[in-house]
Amino acid sequence: MKKAVRTLAVAAASVLALSGCAESPARVATIDGTPILESSVERANQALIKAGAVDPEGARRDVALVLIRAAMSEKIAAKRGVVITAAEREAQVGSSPAAEALKQQPGGPELIRDIVTAGLVLDKVGTDTYVADAAAMNVDLNPRYGAWNPTSLELVGSGSLSKLAEPNA
């Protein structure tokens, strides 16, 4: 009996120790300490799908990238003292039918805000400054989304741990 209890205790301690090293499945990424949650990606993805703006297959990575860049843009804006006004955001969105449809969906207004803010910050600080500031950020990406390329500010790889079989020669 004591051996079973000890084995169970060792197993539990091992799971706890290993889980501290693993990326939380609820996190898509962490940018300089700011988490981007899977629930945020799902909400934005569903808004796009319901607005008819994307094909339901494969849009999650694109949405994750938008949210990562939005978080980076917020940090760059804060660092550089850039202020984005509601009027500037509205001017960027305009009255496009796609934007209007997206605004009607839960999560849609937030996604529009993120997309527009990223573009406005880029415009205000310039490409070189934006890329340099973003590349200097610590990005911890959940492997399900691939890997982060700090040079191109893109997600690379499939995020799959599987490898395609090599064709026989």
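# Leucine 153 and its surroundings

Trainee: Which residues does leucine 153 touch, not counting residues up to four places away in sequence?

Mentor: In this predicted model, leucine 153 touches Leu65, Arg69, Tyr130, Val131, Ala134, Ala135 and Trp148, once residues up to four places away in sequence are left out. One of these, alanine 134, is 19 residues from leucine 153 in sequence, and the C-alpha atoms of the two are 7.5 Å apart in space.

Trainee: And where does leucine 153 lie?

Mentor: Leucine 153 is found in the loop between strand S4, residues 147-149, and strand S5, residues 154-156.

Trainee: Is leucine 153 buried or exposed?

Mentor: Leucine 153 counts as buried because its relative accessible area is 6%, and buried means under 20%.

Trainee: What about the phi of leucine 153?

Mentor: That phi is near 55 degrees, which is a positive value in a residue other than glycine. For background, a negative phi is what most residues other than glycine have.

Trainee: Okay, and what is the phi of aspartate 32?

Mentor: For aspartate 32, phi is near 45 degrees, again a positive value in a residue other than glycine. Aspartate 32 sits in the loop between strand S1, residues 27-31, and strand S2, residues 34-37, and those two strands form a hairpin with 2 residues between them.

Trainee: Which strand does S1 pair with over 3 bridges?

Mentor: That is strand S3, residues 139-141, which pairs with S1 in the antiparallel sense, and within this pairing isoleucine 31 has valine 139 of S3 as its bridge partner.

Trainee: What is the order of the strands in the sheet, then?

Mentor: The order is S2-S1-S3, in an open sheet of 3 strands with antiparallel pairing. S2 and S3 are the edge strands, since each of them pairs on one side only. On average, and ignoring direction, neighbouring strands of this sheet are turned by 15 degrees against each other.

Trainee: Which helix packs on the sheet?

Mentor: Helix H3 packs on the sheet and touches S1, S2 and S3, with its direction making about 25 degrees with that of S1. Helix H2 lies across S1 and S2 and runs at about 50 degrees to S2. As for S1 itself, this strand is mostly covered, with 4 of its 5 residues buried.

Trainee: Changing topic, how many residues does helix H6 have?

Mentor: H6 covers residues 108-125, which makes 18 residues, and from its first C-alpha to its last it reaches 26 Å, close to the 26 Å expected at 1.5 Å a residue. The residue that follows H6 is glycine 126, with a positive phi near 90 degrees.

Trainee: How do H6 and H7 cross?

Mentor: Their axes come within 6 Å and cross at roughly 115 degrees. At this contact, Ala118, Val121, Leu122 and Val125 in H6 meet Thr127, Thr129 and Tyr130 in H7. These residues divide into 5 nonpolar, 2 polar and no charged.

Trainee: Finally, how many helices and strands are there in the protein?

Mentor: The protein has 7 helices and 5 strands, and read along the sequence they follow the pattern α-β-β-α-α-α-α-α-α-β-β-β. Of the 169 residues, 31% are buried, and the accessible surface comes to about 10400 Å², with 59% of it belonging to carbon and sulfur atoms. Among contacts with a separation of 6 or more, 62% are accounted for by residues 24 or more positions apart.

Key: Residues are numbered from 1 along each chain as its sequence is written. This is a predicted model: local features need pLDDT of at least 70, side-chain atom pairs count only at pLDDT 80 or more; totals for chains, interfaces and linings use all residues. Side-chain values use heavy atoms; hydrogens and water are left out. Buried means under 20% relative accessible area, exposed over 50%, partly exposed in between (1.4 Å probe, protein chains only). The expected span of a helix is 1.5 Å times one less than its number of residues. Two strands pair if DSSP finds at least two bridges between them. Axes are lines fitted to C-alpha atoms, for helices over the stretch in contact, and angles run from 0 to 180 degrees between N-to-C directions. Contact means heavy atoms within 4.5 Å. Accessible areas come from the Shrake-Rupley method with a 1.4 Å probe; for residues, only the protein chains shown count as cover. Ala, Val, Leu, Ile, Met, Phe, Trp, Tyr, Cys and Pro count as nonpolar, Asp, Glu, Lys and Arg as charged, and the others, Gly among them, as polar.
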